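Open your viewer, colour the chain however you like, and follow along. Each stop tells you what to select and what you will find there.

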Amino acid sequence: MKRISLIVFLSCFIPQINAQDTYDDALTAASYAYSHSKKAHGANNVYHTQEYADKAIEAFEKVETLAEQCKCKKANETAYQARVDMESSLEQDTYERSRFFAKRAKDLGSKLLEELTQCQANSGTYAYEEDPVAEEESEIAEISEEVSQKQQELEEKRRQLELEQQKLQQQIAEQNKKRAEFEARRAAELKEQTLVKSRAEDALKKLETALQELSVVLNEESTFEVQADYLRSENDLKNESLDDTKNYYVNRAKELTQTAMQQFAGYNMEN
């Protein structure tokens, strides 16, 4: 009789343990979704907003599936709406609109955690009320030990997930740091390119003026042909390095000098 009671107890209690595992997984996924949603909303540019939005979408999708398994209809619907909002955030082409949808998803993420917690509490209360052999103290102690082990495993899983998340955040921070350093170096280089452009173009103008004056001195009936095709906009500098900019003006100076030499050579032949 005692063995039969244990079997009956296990048949009622073990599915509840598995269900609680599903609830815990759903809450873990919802926590990730909410965390990424907050980061998407708090980002200071559209690139970071959409980077975290993409991660939040994946977490919300997982919550949808787990909430359906737990028969938490409200949580399932909330996770679906939050995912839709995050997908809308990804589709926007401005920072303000992308952040708007990220905020809506963040607010739903907080609500989702509350709904899952309530659903889990209701499920757990029901299960214990239906316990048919609560008076079997020794058997309950054995099952409680199993439940305790399950909880420890879940806690370890949570710790591992937190470590993985911290590692990922460190990697993202390092990437952001490298990107910022690169952008700073590029800004400094572009500033120097602009200075080279200004000075080189001024020098080439002076060279052209000098060659024009020399041309009149050598031949009053002829003037030096002005090129002036070395003038550029600052946008032209963005797709080249500092060395490229310098080489451009070196080549233009060579071309200008070559043109002068050819024209002056003609003066010698005529005279």
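Helices here are DSSP runs of H or I with at least four residues, strands are runs of E with at least two, and both are numbered from the N terminus. With that in hand, read along the sequence and you get the pattern α-α-α-α-α-α. The count for the protein chain is six helices and zero strands.

Two notes before we zoom in. This is a predicted model, in which local features need pLDDT of at least 70 and side-chain atom pairs count only at pLDDT 80 or more, while totals for chains, interfaces and linings use all residues. Residues are numbered from 1 along each chain as its sequence is written, and side-chain values use heavy atoms, with hydrogens and water left out.

**Stop 1: the whole chain**

Show all 271 residues; 34% of them are buried. Buried means under 20% relative accessible area, exposed means over 50%, and partly exposed lies in between, using a 1.4 Å probe and protein chains only. Contact means heavy atoms within 4.5 Å. Take the contacts between residues at least 6 apart in sequence: 76% of these join residues at least 24 apart.

**Stop 2: the largest nonpolar core**

Next, select Phe60, Val63, Cys72, Ala75, Met86, Leu112 and Leu116, the residues with the most contacts inside the largest nonpolar core, which has 30 residues. Such a core is a set of buried Ala, Val, Leu, Ile, Met, Phe, Trp, Tyr and Cys residues joined through side-chain atoms within 4.5 Å. At least two residues of this core come from each of α1, α2, α3 (73-91) and α4 (95-129). Which helix gives the most? That is α2, with nine residues.

Another core lies apart from this one; it has eight residues, among them Leu211, Tyr230, Tyr249 and Leu256.

**Stop 3**

Click on leucine 112 in helix α4. Leucine 112 counts as buried because its relative accessible area is 1%. Setting aside residues up to four places away in sequence, leucine 112 touches Ala30, Phe60, Val63, Ala75, Thr78 and Ala79. Draw a distance from leucine 112 to valine 63: their C-alpha atoms are separated by 9.1 Å, although the two are 49 residues apart along the chain.

Now move to leucine 27, in helix α1. Its relative accessible area is 16%, so leucine 27 is buried. Leucine 27 touches Leu113, Leu116, Thr117 and Gln120, not counting residues up to four places away in sequence.

**Stop 4**

Serine 37 sits in helix α1. Is serine 37 buried or exposed? Serine 37 is buried, because its relative accessibility is 0%. Beyond its neighbours within four places in sequence, serine 37 is in contact with Ala56, Phe60, Met86, Ala102, Ala105 and Lys106.

Threonine 49 is found in helix α2 (residues 46-69). Threonine 49 has 0% relative accessibility and so counts as buried. Its side chain reaches the backbone oxygen of asparagine 45 at 3.0 Å. This is a polar contact, a pair of N or O atoms within 3.5 Å; within protein, one must be able to donate a hydrogen and the other to accept it, and residues adjacent in sequence count only if both atoms are side-chain atoms. Leaving out neighbours within four places in sequence, threonine 49 is in contact with Ala40, Ala43, Ser89, Tyr95, Ser98, Arg99 and Ala102.

**Stop 5: the loop between α2 and α3**

Select lysine 71 in the loop between α2 and α3. Lysine 71 is exposed because its relative accessible area is 73%. Check the backbone too: phi of lysine 71 is near 65°, a positive value in a residue other than glycine. One step along, cysteine 72 is in contact with Tyr23, Ala67 and Cys119, leaving aside its neighbours within four places in sequence.
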